[in-house]
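Subject: Structure handover

Hello,

Here is the structure for you to look through. My notes on it follow below.

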Amino acid sequence: MKILSIQSHVAYGHAGNSAAVFPLQRLGHEVYPVLTVTFSNHTGYGSTRGPLIAPADVAAVIDGVEERGAFPTIDAVLSGYQGAEAVGEVVLDAVARVKAANPSAVYCCDPVMGDVGRGFFVREGIPEYLRDHVVPQADIVTPNQFELEFLVGREVSTQADLVAAARELVALGPKVVLVTSALTSDTPEGSIQMACITAADAWVVTTPMLPMTVRGGGDVTAAVFLAHYLTDGPEVALRRTAATMYAVLERTHASGSDEMLLVAEQDAIAHPNEIFEILSVA
């Protein structure tokens, strides 16, 4: 598969395209990375260096890819953090042009805006822009539970609430909703869940909760899920994504590293040990 990935970039560590591109390549896919920022490191360190890339320059890079004749061969567009509405417009324009050249192409949007405990960490107006303009144009969306609750405008407390909320998003346009981290009253103690919901089906996978916080995990999750979805569909993608992410994060936690050990754990990307059971819940 060939994937146009429009995201941020960091030189040190893994976030945005620096988290997404390697897993996609390790799974055998061709990636065209387009950068929206190029920073020294992710902002969780408290200080960072490097420039934001002007939306016009992002668009120019995409224009150049189109001029190489790539658009008819692109199978998917992937986007993550969008720091400004103008960047979002560039992404949506690219999606429309790719789909015009290849109607079977899909758009996977990770609607990055916040998380439980941190609240919103994007600038004012971005969550509403994602909700009203970007998510309805996506084929796949990958919110965490905090982001899902914002997108539907209510709290999600049970597994049934989770499925119902995801189906509200499906009704807006996306075919698949991957909830990347869910904690409801139905989640077993000491565990965390990932759920994949379509109009007709819903699956949940439960893994042990690791006592850690890592940046870029959502970027890897969206990329790995998209890769497997393109080749094997949503249920298989959920199982393999859960296996990969748990293996990478478990090794990262055991090592005490502040950054995901993506390279060290690349076998868990290429050949995930699918030990976690997928349960159909609808």
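In this predicted model, 9 strands make an open sheet of mixed pairing, in the order 2-1-3-4-7-8-9-10-11. Strands (E, at least two residues) and helices (H or I, at least four) are DSSP runs numbered from the N terminus, and two strands pair if DSSP finds at least two bridges between them. Strand 2 (30-39) and strand 11 (278-280) each have a single partner strand, so one side of each lacks a neighbour in the sheet.

Residues are numbered from 1 along each chain as its sequence is written. Local features need pLDDT of at least 70, side-chain atom pairs count only at pLDDT 80 or more, totals for chains, interfaces and linings use all residues, and side-chain values use heavy atoms, without hydrogens and water.

Strand 8 (residues 176-182) and strand 9 (residues 191-197) run antiparallel and are joined by 4 bridges. Leu178 is opposite Cys196 of strand 9. Helix 8 (residues 234-255) packs on the sheet and touches strand 8, strand 9, strand 10 and strand 11; contact means heavy atoms within 4.5 Å.

The axes of helix 3 (residues 85-101) and helix 4 (residues 126-134) come within 10 Å and cross at roughly 20°. Axes are lines fitted to C-alpha atoms, for helices over the stretch in contact, with angles from 0 to 180 degrees between N-to-C directions. Glu85, Gly88, Glu89 and Leu92 of helix 3 meet Ile126, Tyr129, His133 and Val134 of helix 4.

Regards
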